[in-house]
Amino acid sequence: MRRTFRLTLLLAFFLCSSVVPLTAQSVVQYSSNAQIVVPADTFSVRGYGTVEAWFMLSTSTFQRDIINVPATGFAFNVGQENSLVVTTGSGGGTGVVSYATGTWHHIAATFTPTAYTLYFDGSAVKQGPLIGPVTMFDAGQTIYIGGNGAWFYGNLDDIRIWNVARSAYEIQSSMKQDLTGTEPGLIAYYPINELGGTTVNDLTGHGLHGSIVGGAGFLPGIGPRDGSRVFSTPATDITTTSAVLHGNAEPDSGTVKIFVEYGPTAALGSSSPTTEFASSDTVVTMQFTWTGLTPSTTYHYRTAAVFGTDTVRSVILSFPTLAVPPTIPASSIVFENVQGKELTLRWTNGNGAERIVLVREGEAVSYDPPEGMFINSWWNQFAYAEQIAPGTVLAYRGTDTMITMYELSPLTTYHFSILEFNGGQDGVPITFLRPGTTAQQQTIALMFSDSIPDLPGRYDSHNDVMDMDGDGDLDLLLGGGSSDGDSVFIHRNNGDGSFTTVRPGLPILRNGSVKWADIDRDGDMDIAAVGEDWEFSQSFAVILRNDGGSYTNLGVTLTALTNAEITWADMDNDGDPDLCYTGTDYATDEEMIAVYRNDNGTAFTAVTSGISALAKGSMAWSDFDKDGDLDLAIGGLFDLGNESAAKIYRNDGGFTFTDIAAPLAASGRGKIVWADMDNDGDQDLVMFASSGGTIYRNTGGTFTDIGVSLHSDLGGYYDARRWVVAGDFNDDGRTDLFLSGENDDEDIRSILYRNDGGDSFTPFLASATGLREPYSGQWYPADWNGDGSLDLMVEFDGGSTSAYIFENAFGAGNTAPVPPALHSVITVGDSTVLRWGRGTDMQTPAAGLTYSLRIGTTRNGTQILDPLAVLTTGTRRSITAGNAGSDTSWFINDLPDGIYYWSVQTVDNAYLGSSFSPVDSFAVGVPLPVELTSFTAVPNSRGVELRWNTANELNNAGFEIERKGSTHRSKDSAGQWIRIGFVEGHGTSNAPQQYSFIDGAGRGTVLYRLKQVDRDGNFTYSPSVEVNSAVPSVFALEQNYPNPFNPSTTIAYQIPAVGRVKMSVFDALGREVAVLVNDVKEPGSYAAQFDGMQHASGMYFVQLHSGGMTAVRKMLLVK
C-alpha cells in the first residue's frame, strides 16, 4: 500500500531541517477556470477504451468535466445531482451515485463497440447500449482534463486512459495500486507526482504529456488511495461439480476477518467459514472450495471483510461450471506429400466439430487436455498449446480436414494428434470432445538435392576439398585416370555455381593420393601427390609449391610408393605441416611408411617414427590425449596384403610415436576418422572396416567399443574399399555418420546414420535421401552453398567418372558459434603455451566444440600457424575440426625471438567456424611495448572499480575500457563488447604505473577487458576479468563524493526494482536547480554527476525518487 504525507511548510523545512521532506505524491487542484491540455499526437483510442480517475469536489452545484474531447464529442463528467455521465458520438448514459464534497472517490467509464459501463468506487453502477464503435480521440486531436466549459472545481489524481475495456475485477484490484506505466493497453498514465511547474507527465513512455492552463496547480497532500480495500479474484480449478473461490483484503491497520458469500443467483445466500488475519499492510488471501455444483451452470460469489465493526464487500463475480463432454468417434490421420520440408495431413470430418492439431517431435505422448480453458479469438492466439500438452505446437483448423506443415526439422520423427472441441470463443469455455485421436507418427527423411552441375571426374579417383585461394569458396582437387590423358587437376570455385579447371602439371595418377597443405605458410595451398604414374608404369612422389596460382616442383627427394594414402600434420608443433604417407613399393609390393619433417617449407627431412607400415588403408590425426600434440590412428593391410590391422599411436614428441595397444578390430581396406560422437570433449574413433562400422569411445585416452554395429552387411571382404564421413548433417549439434562401401559381390550401398545421442543411431538409406550410389567413390562433407549446413561431394569411379555435389536441402539451420576469449601466454623452455576460454554454440554443446589457432608475426598474419580459415570472416578453408582440437590450450615450439600475434576461432560439429577472437600479442625473448602486471574488477557502492598496473610502457597512448555481459538493456543486451571509457597512458616509461576506472553502470555478471592502444595505432587486448555485481535488494542514495566539492561531484544510488527514477538537486530555498536523472531504470547500481560550475557556494540537497520511495542527501559546494 502506498503511504503519503502532507507537506505544509516546504520553505521552512528546507531552511531548518537536515532532511528535505518533499512529498512522494501531489494532486492537481482546480480553483478557477482551468484545464490540463493534452495533444494526442500519433495515438488514438477507438472501439474499446477505459477512463479512470480519482476526484474530490469542492462544490457540487454544476456538472463538472473529468475528460472532454470536443473533436469527437466524448465527455466523462460528474453530474450536479450525485450522478456520473458519459457522452460519446454513439450514445451514452447517466449512473446514480452518492458522494459529498471534500471526499475522495474513484470513477471509471468503459466502452466496447456495443455497450458502455460506469463504475463508482470499483462497482458497476450503470450499463447501457451504444449504436456503434466509439472514438474517444484520434491522432492529432486534443484531450482536456478538468473541464472545457463545464469547469471542474476540486482535486484530481491518478488519471488513466486505456485502449481496452477493463473488467470490474481489473478496475477494482488496481485502482489503489501504483502502475509501472508499461501495462498492456495503457495509453496514458498521470499519477500526479509533480512538485511544481505546469507539466503533467505521462509515465507510459508514449509522450502524451499535458500542460496546465488557467487556475490550477500541484498540491502536495494526502493521496486518495489510502485506507483498506476488499476484492475478489476469479475462481480457479473449475470442474463440472466444484470450484475454488478466492477472497482478498488489504487492511490499513488492525486485524481483518475474510469470508466468501456465494450462491446460484446474484442474491447469493451462503457464506464460507471466516479466516482471521493479524495486522498487516499487505494483501491477505483466503480460499474456499465450493462443491456439489451442477454441470453447465453459472454461479456467483463475492468477498466480504470485517475491519473492526465495519463490513466491506467486493463486487460480485460469476463463473460457469464445465459441461459433461460427449463421446464422439475419433478422427484418423492420413499422411501425404512426405517430401522435402513439407508434410500434408488429412483426417475425417464425421461430426462437424472444430479441431486443433497437436504436433510434437521425438517420443510419443498421451494428450489429456484440461477442461474449462478460455481462448478468445482462436485465429490469432495459439499460446495455449503448452497448457494442452507440454512441448507441443498448436494449429487451429476450424472445420477444415487438412493441414500442410512447413519447415520441418531433418531426420525427425513427429507425432500428430487431432483434438475436437466446442466453444472457446467470446468467453465460452472449451469443451473437448473425447476420446480424440491416438497420436500417429511420421518420420521426415533428410533430403539432398543434386542442384550443382556435375563436374568431370577421374577413374581410380583421389581427391581433396579445400578453399585453395582464400576467397571463401571451396575448391576441389582431383587425381586419377581419364580418357583424355589428364590426371591431377583443380576445379576452382568461382562463387556463382560455376568452376574453372586448373591443371597444376602432375603425371597421370592412379593407386595414389593427392592432398593440399600450405607448406610455406604464405596463404596459398600447395600440393603433395604420391602414387603410380599411369602412363609410364612407375611410382612417384612430388610436392608442388603454389606461388599465386603458378605451381613449381619443389624438387625434394621423397620415397615413391603406390597404393598411397597422404596426410599432413604438424607433428613437432613448430607451426608448419609435416608429411606422412603409407603405401607399397611398386616393384615388391612391400608395405612402407614415409615421414618427413617440414623445415620451413623449403626442405623435407626423412625421420624415423616407429609407425607401422599399413597400406591401402587410412590415417587420421587428432590429439586424443589432450597433451597438446597430434596423435595418429592408422589402419590397413600388411604382409603383402594378406593381413590387416588398426593401431593408435601416441605422439611423445620429437617424432617419437608409441603404440598404445588399443583394442581395435582389423581394418582391412577401411576408413578411419576422429569425431567426438558423445560431445564429451574427447575425440572418439570411428572405423569402417571388414567387420562393418565400429565406434570406439575415448574415455581419458582409453578406447572401448560401444557395441553399435554400423553397415555390417558390407563386412567380410577385407580388400573392399569403404568410406566414412563424420559431421552434423541435421544441425542438432551431434555428429552423424555417412558410410559407403562394397561387399564381396561388389554391391555398393551407402547409409546415413543420424546420431540420436546415448549411443543410439537411426539409419537412412542413401537412395531414400536423394543421394546416388557410387562405384568405389570417395565422399567429402562440405558446405558448398554457404548456408551453414553440411553438403556432400562424391567423385564417382566407374562409368560416368563425374564429381557430384549434393546440397543438403533439409538442414534445420546451423548458426555460427561464438569465439572464445583469450586468457594467457606462458613460455616454458623452448615451448610457448597459449590458453583461451571455451566458445559457445546454439547447436553443438561446449564440450563438443573444437578450436582453430592462428599465430603470425604480423597482426593479421599466419606466418607461424595457419588456422585454415579466412581471418576476416571465420569461414573455414578446410572442412575439418579445429587445428587445436577440443582442449583450450596449445603449445608451439622453437619460436625465434620477437613479437607474435594470435587469435582463436570456435568450430562446431558441422565444421562451421566462428569469427576470430580479438587479436592479442605475446613476446618471445623481447619485452612487450606495454607489460600489464595486474588487472582486477571489484564492485562497490559506486559501481565496479577497475584497477590495473604496468611494469613498463613503450609508446603507450592509453587504454580503452570495454565491457560486455551486463543486462543493461540499452547497450549490452546483444552480448557485444562496448567501449565505456578511455584512460590516458604514460607514453614511454620504465617505472611501474597504476591506473583505475569506475563503471557506474556495470551490474549482474559482467566482463571487462583493456584495449591498449599505441601512439602509432596498433593495439592489443588484455585477458578479460569477470565480476558479479549483484542486483541490489534495497533502495539507497549514497553520500556524494567528494563532499565538500568544487565544482563537480559523483552521486551513487541503487534501485531494487525496475521503475522510473528521478534525481533532482535543490538549493537552500527549496528551488529545483538541476534534474540529474529522469528515466526508467532496470534494477542496479548507478552513479550521476552534478556540476556546480554555474551555481553559488552553499548547501544543496539531492533527492532520489523511485517506486514510491524517496531519499535525500545534503551536499556542500565550496568555491
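**Salt bridges**

Modeller: The side chains of Asp599 and Arg597 meet in a salt bridge, with N to O at 2.7 Å; the term denotes a side-chain nitrogen of Lys or Arg within 4 Å of a carboxyl oxygen of Asp or Glu. This is a predicted model, in which local features need pLDDT of at least 70 and side-chain atom pairs count only at pLDDT 80 or more, while totals for chains, interfaces and linings use all residues. Residues are numbered from 1 along each chain as its sequence is written, and side-chain values use heavy atoms, leaving out hydrogens and water.

Asp599 is partly exposed, because its relative accessibility is 22%, and Arg597 is likewise partly exposed at 28%. Here buried means under 20% relative accessible area, exposed over 50%, and partly exposed in between (1.4 Å probe, protein chains only).

Asp999 forms a salt bridge with Arg963, their closest N and O atoms being 2.8 Å apart. Asp999 belongs to strand 72 (residues 993–999) and Arg963 to strand 70 (residues 943–964), so this pair ties together parts that are 36 residues apart in sequence. Strands (E, at least two residues) are DSSP runs, numbered from the N terminus. Both Asp999 and Arg963 are buried.

Arg521 lies in the loop between strand 40 (509–517) and strand 41 (526–533), and Asp576 in the loop between strand 44 (562–569) and strand 45 (578–584), so the pair ties together parts that are 55 residues apart in sequence. Both Arg521 and Asp576 are buried. By the stated rule, the count comes to 21 salt bridges.

Notes. Helix = DSSP H or I, 4+ residues; strand = E, 2+ residues; numbered from the N terminus.
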